[in-house]
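Please keep the sequence and the 3D view open while reading.

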Amino acid sequence: WPLSASAQVNLSWNDCGSFGALDKTDLCTSNAGLAGTMYGSFISINAPQCVAMEFYLDMIESAPTQSAYWQIDGVNTAGCRAAQATFSAAAHNHYGSTGLAFVPVPQIVGITGACENVDTLFKVKSHVPVPLFFSQTGQLTLEQALQHYPGVYTTMVSGRDEEIEDERHLRQFLLTEEEFDWSMVSPGAEYDEEKMYSAMLEHIEAAIKAMSRAVVEHHGETLESAFGRDVAGLAASFDKPFHRISYQDALKLLAADGFPDLRWGADLTSAHEAKIVEVLNAGQFPRPVFIMRYPKEIKFFNMKVSERDDRVVLSADCIFPYAGEGVGSAVREHDGAKLTKRLLGSTMYRLHLERGGTLNDFGWYLEIVRSGRTQPHAGYGIGNERVLQYLLGANDIRQVSIFSCMARQTCDWVVRQHA
């Protein structure tokens, strides 16, 4: 292992309830009886005598300008921090220049702060005897703000109560969201849901390209030297449109490329999405892909059912090379009766009832739509780390997550037995 002779290994015994330190030479002797794998500043140990042990390095002799805690799987995390800062600043510049208002959203909310999977909500204890959660999305809050603005955006920390973090899943990440209404598309004109849908896709692509261009412009040298990216190819790809394919055509593509058993209504996995990106980008520098018009049964209750094809909703997921799904989006249902019916028939609502919730928990949102206080609108959420993963060409999302990197130093997610 690439440690200096005086390096120390601080260890936490998840099941044994003790703490201590081993010298590097101890780990290499038969006395330790350990076998492990080095991941930058993180060592995963196979220790039969103590289940789920995790070791974190304290690099005593590390260089003054580089801490071991900021190196994960060989990735320069300082470069990630700088790229993330530029990405966020570019988001504010882009949305401000398009006339959107920034709206802060609450981090502790009721059930309306949930995405489809309510089982991944972090529960929050409070002196107030009501069910509260750490927010996963600010979408409904932004829709609430459309009572006062034609277009709004925010950047928030989204939480997912995942059992583990892995190469695709984080427990905390930055989420940038936009909601805009019909007046920003064709003011005074009769509402056209297909035109609204097209405008939404254009908004997403423009936002992604604005943020991406800023990262390449300010950090191109780092992307090339530290992450091995073809910066010229990446920059040139921004001048071309994202690929687009319907869910139905995606099933046909997948059936011809190794997934013959997929049927209508199947929720596409990361392997399916990666294959779609691979096939559509064959022979060219890879660009993101919009997968459009998913079956209504597998999507969020407030996504508008298409008038042209009532099997699908006016939704689109944006799939990125390396990273997978990085954007979820849809035109929102603005008919109060249809919205309520979709909610009552949703898996999300069934799970909410099983956990003691009621329809009244959605009452404020349903009333806003039912009373027509907002115009027809659309919106989306961008997972910042997923886009950065694509820009940096990282295969593991933890490599671009500052939250994940810090948690490895603090050990906040390491199970300990307390006296």
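## Overall figures

This is a predicted model. The protein has 419 residues, and 51% of them count as buried. It contains twelve helices and 18 strands.

The accessible surface is about 19100 Å². Carbon and sulfur atoms account for 52% of that surface. Take the contacts between residues at least 6 apart in sequence: 64% of them join residues at least 24 apart.

## The eight-stranded sheet

What is the strand order of the open sheet of eight strands? It reads β8-β12-β13-β18-β17-β16-β15-β14, and the pairing is mixed. The edges are β8 (101–102) and β14 (243–246). Each has a single partner strand, so one side of each lacks a neighbour in the sheet.

β8 pairs with β12 (residues 151–159) in the parallel sense, over two bridges. Alanine 101 has valine 152 of β12 as its bridge partner. Next, β12 and β13 run antiparallel and are joined by nine bridges. Here methionine 156 faces leucine 175 of β13. β13 also runs antiparallel to β18, with seven bridges between the two. In that pairing, glutamate 179 stands opposite glycine 379 of β18. β13 is mostly covered, with nine of its ten residues buried.

Helix α11 (residues 384–392) lies across β12, β13 (172–181), β16, β17 and β18 (377–383). α11 runs at about 60° to β18.

## The α6–α7 contact

α7 has a helical partner too. Helix α6 (residues 247–255) and helix α7 (residues 270–280) pack with their axes 10 Å apart. The angle between them is about 85°. The two helices are therefore roughly perpendicular, as angles of 65 to 115 degrees count as such.

Which residues make the contact? On α6 they are Ala250, Leu253 and Leu254. On α7 they are His272, Lys275, Ile276, Val279 and Leu280. By class, the contact residues divide into six nonpolar, one polar and one charged.

## The three-stranded sheet

A further open sheet has three strands, in the order β9-β11-β10, with antiparallel pairing. β9 (108–109) and β10 (122–124) are its edges. Each has one partner strand, so one side of each is left without a neighbour in the sheet.

β9 pairs with β11 (residues 132–134) over two bridges, in the antiparallel sense. Isoleucine 108 has phenylalanine 134 of β11 as its bridge partner.

## Valine 331

Is valine 331 buried or exposed? It is buried, with a relative accessible area of 0%. Valine 331 sits in strand β17 (residues 324–331).

Its contacts, leaving out residues up to four places away in sequence, are Tyr191, Glu193, Met196, Tyr197, Met200, Asn302, Met303, Lys304, Leu314, His377 and Ala378. Methionine 196 is 135 residues away from valine 331 in sequence. In space, the two are 7.1 Å apart, C-alpha to C-alpha.

Most residues other than glycine have a negative phi. Two exceptions are worth a look.

Arginine 293 has a positive phi, near 60°. It lies in the loop between β15 (289–292) and β16 (315–320). What is the relative accessible area of arginine 293? The value is 16%, and arginine 293 counts as buried because the cut-off is under 20%.

Cysteine 411 also has a positive phi, of about 60°, although it is not a glycine. It is found in the segment after α12 (402–410). Cysteine 411 is buried, with a relative accessible area of 11%.

Note on methods:
Residues are numbered from 1 along each chain as its sequence is written. This is a predicted model: local features need pLDDT of at least 70, side-chain atom pairs count only at pLDDT 80 or more; totals for chains, interfaces and linings use all residues. Side-chain values use heavy atoms; hydrogens and water are left out. Two strands pair if DSSP finds at least two bridges between them. Helices (H or I, at least four residues) and strands (E, at least two) are DSSP runs, numbered from the N terminus. Buried means under 20% relative accessible area, exposed over 50%, partly exposed in between (1.4 Å probe, protein chains only). Contact means heavy atoms within 4.5 Å. Accessible areas come from the Shrake-Rupley method with a 1.4 Å probe; for residues, only the protein chains shown count as cover. Axes are lines fitted to C-alpha atoms, for helices over the stretch in contact, and angles run from 0 to 180 degrees between N-to-C directions. Angles under 35 degrees count as roughly parallel, over 145 as roughly antiparallel, 65 to 115 as roughly perpendicular and the rest as oblique. Ala, Val, Leu, Ile, Met, Phe, Trp, Tyr, Cys and Pro count as nonpolar, Asp, Glu, Lys and Arg as charged, and the others, Gly among them, as polar.
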